[in-house]
Amino acid sequence: MAGMKHYKRALTIAGSDPSGGAGIQADLKTFAACGCYGASAIVAVVDENTIGVTGVHAVPVDFVAGQIRSVLDDIGADAVKIGMLHSSELIVAVKETLAAYDIKNIILDPVMVATSGDKLLQDDAIETLKEVLIPFARVITPNIPEAEMLLGSKICSQADLPLVVRDLSFGNNVSVMLKAGHLKEDTLTDIFYNAETDEIIELASPRVYTKNTHGTGCTFSSAIAAFLAHGLPLNDAVRNAKDYMKEAITAGAQYEIGNGHGPVHHFWQYWK
């Protein structure tokens, strides 16, 4: 209808976290906070809370592909965020399903280990992720342990990050947001490599000392997807996502919820 408004649309493909701090739940909260209409395709129901992961119940691969097609055939998407994909079969199916649609903004958070330390990815799926899905993405957002698994080598200090970030770009084909949260410096300096312009950008912020870090990776990658859905240039989308993430962690540090790693505050702009 003439004169009707249109949402900026973001689709998340990830697992469900019943505690609400990570996975699909964190993604949808982030999309909403950043001004996007969020849709989801659930790949697994994860039995977890702020303390840890008890179990993962996989959704059949064909059903995951069906969810993706249902959303994209009807609503469409200006950006897609991909989170936990636990098996090689699922990784291939997600890539092949998305390849049938003209979506440039595909953000991959290569989730391998939960904040609690629980492993979320089958061993044989790591190579499939590297060979099939990472080259298909526009941006990947590994943390330090995930980057080490992708590189097959250790990252020991902040000084290592600018040296290895291009190695994670798979021949300068995918941009990389390398997150420094697992390091110990008082200033947290994430490194962004823009493969489209071949530039490295340092994104520094004071470290917030808090246990409430559950779902930070999901939230950061979803924020990048949301700002790309709004049409921002890649560097601006990443900077905006970094600013959103910094404030979400700062606000979330003031709350106590659960007995382990609590979540960030996704709606810090709207209520305290």
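Student: Between which two strands is the loop that holds H182?

Tutor: Keep in mind that this is a predicted model. H182 falls in a loop, with a strand at 175-178 on one side and a strand at 187-194 on the other. Those two strands are β7 and β8.

Student: Is H182 buried, partly exposed or exposed?

Tutor: Buried would need under 20% relative accessible area, and exposed over 50%. H182 has 46% relative accessibility, so H182 counts as partly exposed.

Student: Which residues does H182 touch, not counting those up to four places away in sequence?

Tutor: First, a distance: the C-alpha atoms of H182 and V165 are separated by 15 Å, and the two are 17 residues apart along the chain. As for contacts, leaving out residues up to four places away in sequence, H182 touches N143, I144 and P145.

Student: What about T219, buried or exposed?

Tutor: T219 sits in helix α7, which covers residues 216-229. Beyond four places in sequence, its contacts are A26, T30, Y244, M245, V264 and H266. The relative accessible area of T219 is 0%, so T219 is buried.

Student: Which residues touch the most other members of the largest nonpolar core?

Tutor: That core has 54 residues. Back in the largest core, the residues touching the most other members are I13 and I82.

Student: On the surface, how much accessible area does the nonpolar patch with Y7 have?

Tutor: Y7 is in the segment before β1 (9-16). At 62% relative accessibility, Y7 counts as exposed, because the cut-off is over 50%. Y7 forms the patch with Y37 and I75, and together their accessible area is about 320 Å².

Student: Zooming out, what radius of gyration does the protein have?

Tutor: The protein has 8 helices and 9 strands, and its C-alpha trace spans about 50 × 45 × 40 Å along the principal axes. For 272 residues, a compact globule would come out near 19 Å. The protein's value agrees with that, at 17 Å.

Student: And what share of contacts between residues at least 6 apart in sequence join residues at least 24 apart?

Tutor: Some background on the whole chain: buried residues make up 54% of the 272. The protein exposes about 12100 Å², with carbon and sulfur atoms supplying 52% of that. As for contacts between residues at least 6 apart, the share joining residues at least 24 apart is 67%.

Note on methods: Residues numbered from 1 in each chain as written. Predicted model: local features only at pLDDT ≥ 70, side-chain atom pairs only at ≥ 80, totals over all residues. Heavy atoms only, no water. Patch = residues over 30% accessible without salt bridge, like charges linked within 9 Å, V, L, I, M, F, W, Y side chains within 5 Å. Areas by Shrake-Rupley, 256 points an atom, 1.4 Å probe, with all protein chains shown as cover. Salt bridge = Lys/Arg side-chain N within 4 Å of Asp/Glu carboxyl O. Helix = DSSP H or I, 4+ residues; strand = E, 2+ residues; numbered from the N terminus. Buried < 20%, exposed > 50% of the residue type's maximum accessible area, 1.4 Å probe, protein only. Core = buried A, V, L, I, M, F, W, Y, C linked by side-chain atoms within 4.5 Å. Contact = heavy atoms within 4.5 Å. Rg over C-alpha atoms; globule rule 2.2 N^0.38 Å.
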